[in-house]
Protein chains: 2
Amino acid sequence: MIMDLWYTEKHSDNAGITMKTTQTLFSGKSKYQQLDIVETLEFGRMMLLDGLVMVTERDEFIYHDMIVHPALFTHPNPKKVLVIGGGDGGTIREIMKHERVEHAVLCEIDSLVIEKSIDLLPSMACEIDGNNPRVTLHVDDGLAYIREHQNEFDIILVDSTDPIGPAVGLFEENFYQLVFSALKDDGIMIAQSESPFYHAEIQKSMYRNLRAVFPIVEMYQAFIPTYPSGFWSFAFASKTYHPIRDFDQNRAASRKFHTRYYNEDLHRGAFMLPTFARENIAE
Amino acid sequence: MIMDLWYTEKHSDNAGITMKTTQTLFSGKSKYQQLDIVETLEFGRMMLLDGLVMVTERDEFIYHDMIVHPALFTHPNPKKVLVIGGGDGGTIREIMKHERVEHAVLCEIDSLVIEKSIDLLPSMACEIDGNNPRVTLHVDDGLAYIREHQNEFDIILVDSTDPIGPAVGLFEENFYQLVFSALKDDGIMIAQSESPFYHAEIQKSMYRNLRAVFPIVEMYQAFIPTYPSGFWSFAFASKTYHPIRDFDQNRAASRKFHTRYYNEDLHRGAFMLPTFARENIAE
């Protein structure tokens with residue numbers, strides 16, 4: 001019989017999630033953070049950075065559908081897309097389903113995350129293994145990379161960890177200004193924006209910073225069972241296109257790939273927020 | 001220093017939620033089930049039936065907003081409302097905010113739940129303490145009660161536990177036929193319908209049973225952090241009114257009470273489901 005081993009992540013000092021694990025597939029420290037990949041019975045393989053769940057095989061489809069498809073179905077012609085973070089490859093995998101995208105760049109600070117994802121999470125990393133000519137990998141700090149690019153990307157997706165550790169700079173106004181400059185005149189930025197249930201203060205400051213830079217800033221939501229509270233959010237920050245008014249529902253409905261979470265109705269519903277979430281980011 | 005005591009609820013054999021508790025306020029067995037009310041640090045007071053979380057003070061506003069307001073803002077003139085289960089009183093509290101409701105009946109099988117809620121969960125039980133003439137309490141089996149009522153209620157809310165133990169009959173076609181008969185010709189039934197993430201099989205059979213009885217059956221969703229996966233659902237089953245096409249958004253927007261979860265936009269968004277949830281209940 002296997003050892004009865006449970007991984008518990010505290011979502012606050014006083015509550016958390018717990019899941020049964022069967023083995024540790026990798027555990028090691030990079031220059032930036034602690035990386036662990038473990039096998040769980042309920043959620044399949046799970047990647048942790050500094051002890052926090054980043055992705056699991058069972059529910060990653062939700063996060064990756066929702067960080068990618070709302071922007072890529074709002075922008076009428078997304079040709080060049082940048083992902084900052086996202087070293088597991090799931091975001092790039094979803095971007096590659098869009099035939100209009102000619103080129104996607106992944107800028108991940110930690111090469112160990114990329115390497116171990118290719119090795120141990122192949123269902124996510126399938127498009128970042130070096131075989132897809134439409135994908136370029138850069139191992140670099142997102143801030144440093146973006147400083148050197150202007151007016152270049154149609155869409156920038158900030159697939160970051162929480163605002164502690166290496167990702168703290170990715171929640172500040174200065175960074176959003178650099179993103180704004182790196183986007184074309186009709187560009188869109190998406191960033192994961194934490195849990196409205198647990199992270200009201202982070203959201204308040206993040207959306208204030210975004211509104212100081214972008215003319216259009218909206219929040220949308222997704223259920224992600226392995227994230228704190230299960231209630232997660234993304235920021236849609238845009239120069240020109242509005243996620244509802246400029247959304248071409250027919251184009252989204254006629255997509256040629258299956259999405260287990262995203263669909264053209266959910267696209268609109270995701271922006272219809274509970275009152276307390278609206279209040280977190282009220283101007 | 002208090003004992004470091006954690007309550008863990010398994011949502012499946014291999015995953016669950018855990019929260020720090022400070023004291024047990026009540027623990028006892030009724031004729032029907034085990035009832036516990038404990039104090040937690042993150043979620044306030046929490047009621048458990050047979051070891052499963054029913055409500056917590058911190059997130060009950062979500063469940064109670066969503067079991068009540070979508071139906072009560074869809075029906076143009078809800079005068080008489082029946083709640084089956086719901087002995088904590090939170091559902092009745094929200095119904096009482098609707099001035100059009102002349103009379104609400106609570107039919108709860110377990111008097112111990114009512115008694116201890118009045119005693120220990122006063123923020124929920126505030127309208128079931130015997131002082132509101134618009135509220136009637138019946139301590140009775142929902143099936144037995146409803147069998148004796150025909151063509152009487154505008155809305156019936158099934159605020160039940162999971163389909164194990166005393167609530168199992170509340171998920172069967174025979175029960176839905178009795179509800180149909182107890183409703184007026186334009187009546188609406190709402191029932192909690194489990195988690196699309198964990199309970200696909202229960203949903204499939206429940207919605208098949210509902211569709212065998214009601215001409216209009218739709219699923220809607222809410223984030224409930226203390227329920228399995230955080231992703232929860234409700235069934236909207238109706239004789240005449242459709243929850244979107246017959247929804248008067250202006251009436252909902254001009255409501256005279258504050259709702260921390262429900263609002264007139266979220267009403268529509270709640271019916272826009274992820275693909276996998278749609279597929280659970282596909283006809």
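Me: Which residue in S10(A) is the bridge partner of A:Leu157?
Reply: This is a predicted model, in which local features need pLDDT of at least 70, side-chain atom pairs count only at pLDDT 80 or more, and totals for chains, interfaces and linings use all residues. Residues are numbered from 1 along each chain as its sequence is written, while chains are lettered from A and ligands numbered from 1 in the order in which they are written. S9(A) and S10(A) run parallel and are joined by 5 bridges, where helices (H or I, at least four residues) and strands (E, at least two) are DSSP runs numbered from the N terminus. In S10(A), A:Leu157 has as its bridge partner A:Ile190.

Me: Which residue of S9(A) is the bridge partner of A:Val83?
Reply: S6(A) is joined to S9(A) by 5 bridges, and the two run parallel; strands count as paired if DSSP finds at least two bridges between them. In S9(A), the partner of A:Val83 is A:Leu157.

Me: How many of the 7 residues of S9(A) are buried?
Reply: A residue is buried if 20 or more other C-beta atoms lie within 10 Å of its own, exposed if 12 or fewer, and partly exposed in between, with C-beta atoms placed from the backbone. S9(A) is largely enclosed by the rest of the structure, because its buried residues number 7 of the 7.

Me: What is the strand order of the open sheet of 7 strands in chain A?
Reply: The edge strands of chain A are S8 (135-139) and S11 (216-223), and each pairs on one side only. S6 (residues 80-85) and S7 (residues 103-108) of chain A run parallel over 5 bridges, with A:Leu82 standing opposite A:Val105 in S7(A). The pairing in the sheet is mixed, and the order is S8-S7-S6-S9-S10-S12-S11.

Me: What angle does the direction of H6(A) make with that of S10(A)?
Reply: H6(A) packs on the sheet and touches S9 and S10 of chain A. Axes are lines fitted to C-alpha atoms, for helices over the stretch in contact, and angles run from 0 to 180 degrees between N-to-C directions. The direction of H6(A) makes with that of S10(A) an angle of about 140°.

Me: Within what arc do the buried residues of H6(A) fall?
Reply: In H6 (residues 173-182) of chain A, the buried residues are A:Phe175, A:Tyr176, A:Leu178, A:Val179 and A:Ala182. They line one face of the helix, because the arc, taken over the directions from the helix axis to the C-beta atoms, is 155°.

Me: Which strands stand at the edges of the sheet in chain B?
Reply: Chain B has an open sheet of 7 strands with mixed pairing, in the order S8-S7-S6-S9-S10-S12-S11. Two of its strands have a single partner strand each, so one side of each is left without a neighbour in the sheet. These are S8 (135-139) and S11 (216-223) of chain B.

Me: Which element gives the most to the side of chain B that touches chain A?
Reply: 32 residues of chain B are in contact with 32 residues of chain A, a contact being two residues whose C-beta atoms, placed from the backbone, lie within 7 Å. The elements of chain B giving two or more residues to this side are S1 (5-12), S2 (15-29), H9 (264-269) and H10 (275-280). With 6 residues, the most comes from S2(B).

Me: Which residue in S2(B) is the bridge partner of A:Ile17?
Reply: S2 (residues 15-29) of chain A pairs with S2(B) in the antiparallel sense over 5 bridges. In S2(B), the partner of A:Ile17 is B:Ile17.

Me: Which residues of chain B are in contact with A:Met272, leaving aside its neighbours within four places in sequence?
Reply: A:Met272 lies in the loop between H9 (264-269) and H10 (275-280) of chain A. A:Met272 is buried, because 20 other C-beta atoms lie within 10 Å. Its contacts, with those neighbours left aside, are B:Asp265, B:Leu266, B:Arg268 and B:Gly269.

Me: As by what kind of axis are the two copies related?
Reply: Chain B can be laid on chain A with an RMSD of 0.0 Å by a turn of 180° and a shift of 0.0 Å along the axis; the superposition is by least squares on the C-alpha atoms of residues with pLDDT of at least 70 in both. The two copies are thus related as by a two-fold rotation axis.
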